[in-house]
Amino acid sequence: MKNKKIEKVENWLDERYDLSPIRNLIQHKKVPVHGHSIWYYMGGISLFLFMIQVFTGLLLLMYYIPGEDSAYESVQFIITKVDFGWLIRNLHSWSANLMVFFIFIHMFSVFFTNSFRKPRELTWVTGFFLLLLAMGFGFSGYLLPWNELAFFATKVGTDIVAVVPFIGDSLKVILRGGEDVTGATLSRFFGLHVAFLPAIFTTLLVIHLFFVQRQGMSEPEEFEKLTEDQKKYIPFFPNFVLQDALLWIIVLIVLLSLTLFFPWELGLKADALASAPIGIKPEWYFMFMFETLKLLPANIWFIEGEAVGIFAFTIAGLIWMLIPFINFSKKKDLNNKIVRWIGIFSLLYMIAFTIKGYL
Amino acid sequence: MDKKNLLNICSFIFLFSAISLFAVTSNDAPKSSTYEDECINCHIENDIMPEHFSKSDIHWQNGLSCAGCHGGNPNETDEEKAMSISNGYVGVPDKKEIPQFCGKCHSDLEEMQLFQPRIPTDQVSQYYVSTHGKQLKLGNMDVATCTDCHTTHDILPASDTRSTTYAINIPNTCDNCHGNSELMSKYNLESIQVAEYSKSVHGIALLEKLDVGAPACNDCHGNHGASPPGVISISHVCGSCHVNNMNYFNNSTKAVEFSDMDIKGCEQCHGKHLIHKTNDEMISVGEASTCTECHSEGDDGYIAAELIYGKLKKLSSLYDSTKVVSEKVNIMGMNNIEIEYSLKNIRQNLIQSRTLIHTFDTSQVFEKTNEGILASYGALKLADNEIAEYFNRRLGYGVAIFILILLAATLYWKIRSL
């Protein structure tokens with residue numbers, strides 16, 4: 001009886017929208033099974049956390065009031081007075097951090113399994129932009145509760161932009177909405193966080209997912225070398241989807257535990273006239289860059305140290321983004337080796353400098 | 001060159017010129033520390049400089065040399081002529097003459113205004129109203145005059161931490177005479193005032209905590225017009241800082257009764273030099289009670305003291321338990337913002353209740369204590385809610401995790417069976 005009703009709806013939709021591509025995907029898409037299959041799930045977890053972000057973000061929007069005199073108070077109201085407000089705010093903060101964490105894992109797993117290579121160059125590039133946007137979400141969202149730590153961290157963060165030659169000062173003014181971090185900065189960070197970034201992120205995410213579905217799962221070279229008989233696959237539906245769901249539930253359990261046992265502190269309200277508190281730190285995913293810039297001397301040659309640092313990170317970021325298009329050597333093996341070492345160096349550098357920031 | 005740059009350069013030149021001009025002016029001014037005249041030269045040469053002479057002395061610093069006070073001609077090299085009566089030499093004044101000696105300048109407003117526009121010039125007239133001054137007039141040479149407190153040739157402004165009249169040093173300055181039992185016994189006076197004071201709440205604040213806002217001897221007894229406060233003036237003396245207590249007391253029925261019975265207002269309960277930090281036991285009917293010094297069991301005052309003490313104790317213990325609970329809520333990671341806000345109000349109620357004791361009106365005290373007690377109950381209820389919420393959250397978490405684990409197990413089983 002029920003199946004007949006579903007069938008009826010399906011037929012109704014099929015008649016109008018031709019559901020064969022979706023049917024094909026469900027019926028025919030296969031996922032390779034091998035030693036590195038676990039990495040296939042990282043993108044899905046990032047997507048799940050993004051969905052939590054959207055859901056909790058929308059709920060927070062119902063009570064959050066941007067503004068110097070209202071932002072902090074409204075967040076305080078959310079976590080103390082609104083039913084389950086504490087849960088939603090903590091879920092939003094924790095899932096944001098976990099999302100960036102899983103995007104990083106997803107990116108490095110794609111990198112080390114060589115999945116970014118032809119024909120998935122654009123999937124890699126869109127993914128890279130999604131990471132940058134996620135970091136943008138983090139940076140803009142950090143300021144929104146308008147608390148002391150976030151205020152001064154934003155001040156330091158936006159100050160760094162000023163060292164970019166020629167356009168640095170103008171960039172800083174554009175970012176801050178004036179010379180200093182004020183209510184105007186809060187307004188534009190709010191705008192960025194809830195409108196501008198979500199619009200671009202969602203568009204890029206759709207493109208990214210479209211590429212993934214269109215090209216299917218990447219198969220590692222060792223897997224490709226196997227004979228057809230040796231290759232093992234599982235159907236995308238329902239096997240892979242169910243496994244994905246299982247992992248999502250596990251992530252949700254971790255997320256709920258973090259939310260309850262390690263609530264995100266609100267701290268003191270930002271006061272522009274107060275002296276900067278001890279322990280101003282950026283979000284952990286900016287820490288490796290922050291630490292690097294701190295270590296650089298005031299001047300390298302005749303250029304400002306921080307400017308050199310930012311220039312180096314920009315170049316490194318560009319190389320990282322364009323790595324599917326770069327051939328370091330004509331010999332494929334050597335090229336793979338160089339790329340692998342670049343990856344290892346980048347990963348170790350980021351881990352080491354992040355740890356250093358917290359020591 | 002644009003207008004802005006031109007303006008900047010002009011401003012710089014102007015500022016530079018102003019600084020240079022100021023520097024020249026400053027250099028041209030006579031520096032007292034290098035000031036020389038024949039008095040100084042001769043006294044140094046013969047090694048007969050006055051006792052305790054210091055170049056930090058405020059008069060020396062302001063260019064007033066020996067002749068400024070002692071007369072004579074400071075430019076005359078001949079000793080006889082320099083210190084001759086014809087040259088206005090007055091020499092070392094007798095103790096009895098010292099107030100007028102200093103008053104030559106210090107009572108002259110026109111003279112003193114040159115140094116400080118708001119400087120008082122009534123020290124000498126105040127002094128003669130003081131017990132010290134009155135006794136000096138009678139020829140008593142034991143009393144303090146200007147130099148006993150301010151020194152002779154090492155006089156520093158009262159704001160200087162080295163000065164004998166700096167707030168923290170004043171008890172010691174007074175103690176030089178008032179701590180001398182031999183001298184005081186001649187006049188039937190105690191010599192333990194400063195010893196007592198240093199153990200008092202005021203003395204501890206001033207001498208141990210170095211809180212210069214705390215009263216020293218002069219803040220209650222006056223400076224130059226120092227005298228023991230009378231019965232009526234005591235509440236005014238204490239009330240110059242404890243304003244509310246004074247107003248409540250003066251408007252109470254007890255003010256007249258105390259005065260009629262020759263009982264000293266504040267001193268009767270709090271003491272004079274050895275004033276301890278107040279506590280609620282003082283208003284009780286127990287051993288530390290001050291009320292039972294006059295009231296006995298069964299009379300109205302005794303009953304009032306019992307009732308007030310009971311209420312204060314209740315509010316005080318409620319305040320303490322609310323504070324503990326608020327801390328507990330905070331440690332639990334729950335919201336204690338409103339509880340903390342209530343705590344501030346409860347504390348205020350407690351302070352106000354204790355102050356209102358000076359009205360000797362139980363209804364006024366109870367109005368405030370009841371306000372605090374109600375606020376405490378409210379805050380404790382808030383704390384209870386937060387603690388309950390803390391456990392509810394854990395319960396909710398447990399249920400949610402149980403369902404999620406069940407779901408995960410089902411999924412796992414389903415995946416295995418595929």
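Colleague: Is Trp301(A) buried or exposed?

Modeller: In this predicted model, local features need pLDDT of at least 70 and side-chain atom pairs count only at pLDDT 80 or more, whereas totals for chains, interfaces and linings use all residues. Residues are numbered from 1 along each chain as its sequence is written, while chains are lettered from A and ligands numbered from 1 in the order in which they are written. A residue is buried if 20 or more other C-beta atoms, placed from the backbone, lie within 10 Å of its own, exposed if 12 or fewer, and partly exposed in between. Trp301(A) is exposed, because 7 other C-beta atoms lie within 10 Å; its phi is near 65 degrees, a positive value in a residue other than glycine.

Colleague: Which residues have the most contacts inside the largest nonpolar core?

Modeller: In soluble globular proteins, nonpolar side chains tend to be buried together. A nonpolar core is a set of buried Ala, Val, Leu, Ile, Met, Phe, Trp, Tyr and Cys residues joined through C-beta atoms within 7 Å. The largest one here has 56 residues, and those with the most contacts inside it are Ile45(A), Leu49(A), Met99(A), Ile103(A), Leu143(A) and Trp146(A). Its largest share, 14 residues, comes from α5(A), where helices are DSSP runs (H or I, at least four residues) numbered from the N terminus.

Technical notes
Helices (H or I, at least four residues) and strands (E, at least two) are DSSP runs, numbered from the N terminus.
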